[in-house]
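Trainee: I would like a close look at a single part of this model. Please keep the answer brisk and connected.

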Amino acid sequence: AGAAPRPHQGKHRCVGAYVLDIRTNAVHTFAAGVTLLATGGAARVYLYTSNPDSATGDGIAMYSRLGFPVQNMEFMQFHPTCFFNPNPKDPEQRRFLITEALRGKNVGGILVLHRDDKKDFIKTLGYDPVMGSAGTRDVVARAIDIEMKQRGLQHVYLNVTPEVTGKTAEQLKQGFPDIYAHCLQCGVDITKEPIPVVPAAHYTCGGIPADQNGLTAVPN
């Protein structure tokens with residue numbers, strides 16, 4: 001995430017870690033010559049995300065609370081099409097991504113505002129007049145977000161039915177078996193009806209500054 005700043009001149013330095021044993025609630029002390037801070041992402045702070053429930057930025061916060069700077073936290077990449085499931089049976093169902101290949105040129109799926117629409121709103125509303133729903137991730141995710149907020153929609157739809165794409169039901173089932181099975185389990189047959197989707201926070205692009213060797217500003 002860029003070059004680390006000059007070493008901090010304050011009292012903080014890292015000599016190991018306190019580790020909580022979640023089974024016993026006991027805290028163990030480990031001294032170390034080198035300590036790795038694997039932070040993970042922070043995308044779980046958003047309502048919809050592809051990240052696990054643990055991705056709440058805790059590692060980044062640990063570093064920041066020591067008084068060291070983090071950077072670029074305003075940059076979060078969103079995946080345009082996460083399956084919309086308001087009542088998931090488990091958290092995994094809320095994180096299920098619908099591959100962008102379905103709206104690429106090889107399949108030709110289109111994003112529509114309402115279930116019965118047959119017009120690609122990414123193209124017709126001018127977000128990407130050339131590529132339409134096959135546009136880049138940032139353009140498409142932003143377009144969906146804008147329209148949902150302006151129109152008070154919970155989600156939009158990705159239509160990949162044979163009527164729209166020209167693909168047969170068998171081609172869709174064989175080409176995307178996991179998506180077909182997951183959606184069908186949730187009551188959506190992608191060969192007959194559009195898929196409800198929402199943008200989901202995907203990658204935390206910022207975090208702790210480090211140099212080319214992975215060293216941070218924390219003295220050891």
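How many nonpolar, polar and charged residues does the lining of the largest pocket have?

Mentor: By class, the lining of the largest pocket has 18 nonpolar, 15 polar and 3 charged residues. Here Ala, Val, Leu, Ile, Met, Phe, Trp, Tyr, Cys and Pro count as nonpolar, Asp, Glu, Lys and Arg as charged, and the others, Gly among them, as polar. Two notes on the source come next. This is a predicted model, in which local features need pLDDT of at least 70 and side-chain atom pairs count only at pLDDT 80 or more, while totals for chains, interfaces and linings use all residues. Residues are numbered from 1 along each chain as its sequence is written, and side-chain values use heavy atoms, with hydrogens and water left out.

Now the pocket itself. The largest pocket has a volume of about 930 Å³. A pocket is an open set of points on a 1 Å grid over the protein atoms alone, where a 1.4 Å probe fits, with protein on both sides within 12 Å along at least five of seven lines; lining residues have an atom within 4 Å of a point. Its volume is the space filled by probe spheres set on the points, which are joined across faces, edges and corners.

The lining of the largest pocket holds 36 residues, and Cys14, Thr35, Leu36, Leu37 and Thr216 are the closest to the centre. Strand S1 (16-21) and helix H1 (58-65) are the elements that give two or more residues to this lining. H1 gives the largest share, 5 residues. Helices (H or I, at least four residues) and strands (E, at least two) are DSSP runs, numbered from the N terminus.

Both elements lead on to a backbone detail. The loop between S1 and strand S2 (26-31) contains Asn25. Asn25 is not a glycine, yet has a positive phi of about 65°. Asn25 is exposed, at 61% relative accessibility. The loop between H1 and S3 holds Asn72. Phi of Asn72 is also positive, near 60°. Asn72 is partly exposed, with a relative accessible area of 32%. The cut-offs are under 20% relative accessible area for buried, over 50% for exposed, and partly exposed in between (1.4 Å probe, protein chains only). Most residues other than glycine have a negative phi.

For contrast, take the second largest pocket. The volume there is about 430 Å³. The second largest pocket is lined by 16 residues, with Phe78, Ala141, Arg142, Asp145 and Pro199 nearest its centre. At least two lining residues each come from strand S3 (76-83), helix H4 (137-151) and strand S6 (195-204). H4 supplies the largest share, 7 residues. By class, this lining divides into 10 nonpolar, 1 polar and 5 charged.

Finally, the whole chain around the pockets. The protein has 7 helices and 6 strands. From the N terminus on, the elements run β-β-α-β-α-β-α-α-β-α-α-α-β. The radius of gyration, taken over C-alpha atoms, is 22 Å, well over the 17 Å from the globule rule (2.2 Å times the number of residues to the power 0.38) for 220 residues, so the protein is more spread out than a compact globule. The C-alpha trace spans about 65 × 40 × 30 Å along its principal axes. Buried residues make up 39% of the 220 residues.
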